[in-house]
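The notes follow the order in which I looked.

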Amino acid sequence: MGNAKGDFIWYELLTRDADAAQRFYGDVVGWTASDSGQPGMDYRILDAGDGLAGGMMQINEQMPGVTPVWLGYVAVPDVDAAVADWTASGGSVQMPAMEIPNVGRMAMLADPDGVPLYVMRGAVDASSTAFRVADARHVRWNEITVQDDGAARAFYQARFGWEAVGAIPMGEMGDYHLIATNGVNIGAMMRSHAGQSPCWTYYIGVEDIDVAIQKVEAGGGQVLDGPHEIPGGEFSLHARDPQGAVFGLVGPRVAKQ
């Protein structure tokens, strides 16, 4: 059984130094990486040990202006129809629809705030293991900051069927809107605060948040904020890898339990 429309099915790191990034995330998260076999590019597959977690791509001369970033992929049944609907509703196309043999059809889009996201129809109907809401070494949470949370909720609900299933008050920052699709809580949406550009943050699961912090810093990365305790007793943080890509981590504080 494949993934349904609106599911996150892949995550991809664009990086300036794939070898260094492989070492960094291998140490922090526990991923191993292998060459994808795609001709003409350095694209590596990230393996969590119990399923694939995503991919890593070396930025090259054919990608002018691209900076290190994590990108997410969302399943749609028809990429071309999704692109037409997206652009008619105020979004834009960053990379036109293209077909990769044995992988699928995809396009990179940007929402009305300019936040990028891929839509994809896989070549096979196997279910993705990249997003797992409770497992270490997989992305566990997808968080987007937007300029207008009401307009953004309506936009994504119409495109992907995402539903707001609750809200956590955040004071002057507004509400933290929990989002579900196909019966699974996949993440949240909130207004961007002063000085912050709208963006996606993908939270990767770790087995011990304090050990992960030590490894981020030892590997040349930077913890930007956190760890913050979240509902359920785990902790989350924002970090930047040595190449500049921002990501999140989430997991328990094992040593202090």
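I began with the nonpolar cores of this predicted model, and I found that the largest has 69 residues, with Phe8, Trp70, Tyr156 and Leu249 making the most contacts inside it. Strand E1, residues 8-15, contributes the most to this core, giving six residues. I then listed the contacts of Phe8 beyond four places in sequence, and among them are Trp162, Trp200 and Tyr202, as well as Gly72, Tyr73 and Val74. I also noted a second, separate core of seven residues, including Tyr176, Leu178, Met190 and Tyr203.

Next I searched the whole structure for salt bridges, which gave 11. In one of them, Arg44 pairs with Asp19, and their closest N and O atoms are 2.7 Å apart. Because Arg44 sits in strand E3 (residues 43-47) and Asp19 in helix H1 (residues 18-28), this pair ties together parts that are 25 residues apart in sequence. I checked the exposure of both partners: Arg44 counts as buried at 11% relative accessibility, whereas Asp19 is partly exposed at 43%. Asp42 joins Asp19 and Arg44 in a network of salt bridges.

I looked at Asp85 and Arg159 as well, whose closest N and O atoms are 2.5 Å apart in a salt bridge. This pair links distant parts of the chain, 74 residues apart, with Asp85 in helix H2 (residues 79-88) and Arg159 in helix H3 (residues 149-160). Here Asp85 is partly exposed at 33%, while Arg159 is buried at 12%.

Last, I recorded the salt bridge between the side chains of Arg132 and Asp135, at 3.6 Å from N to O. Arg132 is partly exposed at 23%, and Asp135 is partly exposed at 28%.

Conventions: Residues numbered from 1 in each chain as written. Predicted model: local features only at pLDDT ≥ 70, side-chain atom pairs only at ≥ 80, totals over all residues. Heavy atoms only, no water. Core = buried A, V, L, I, M, F, W, Y, C linked by side-chain atoms within 4.5 Å. Buried < 20%, exposed > 50% of the residue type's maximum accessible area, 1.4 Å probe, protein only. Helix = DSSP H or I, 4+ residues; strand = E, 2+ residues; numbered from the N terminus. Contact = heavy atoms within 4.5 Å. Salt bridge = Lys/Arg side-chain N within 4 Å of Asp/Glu carboxyl O.
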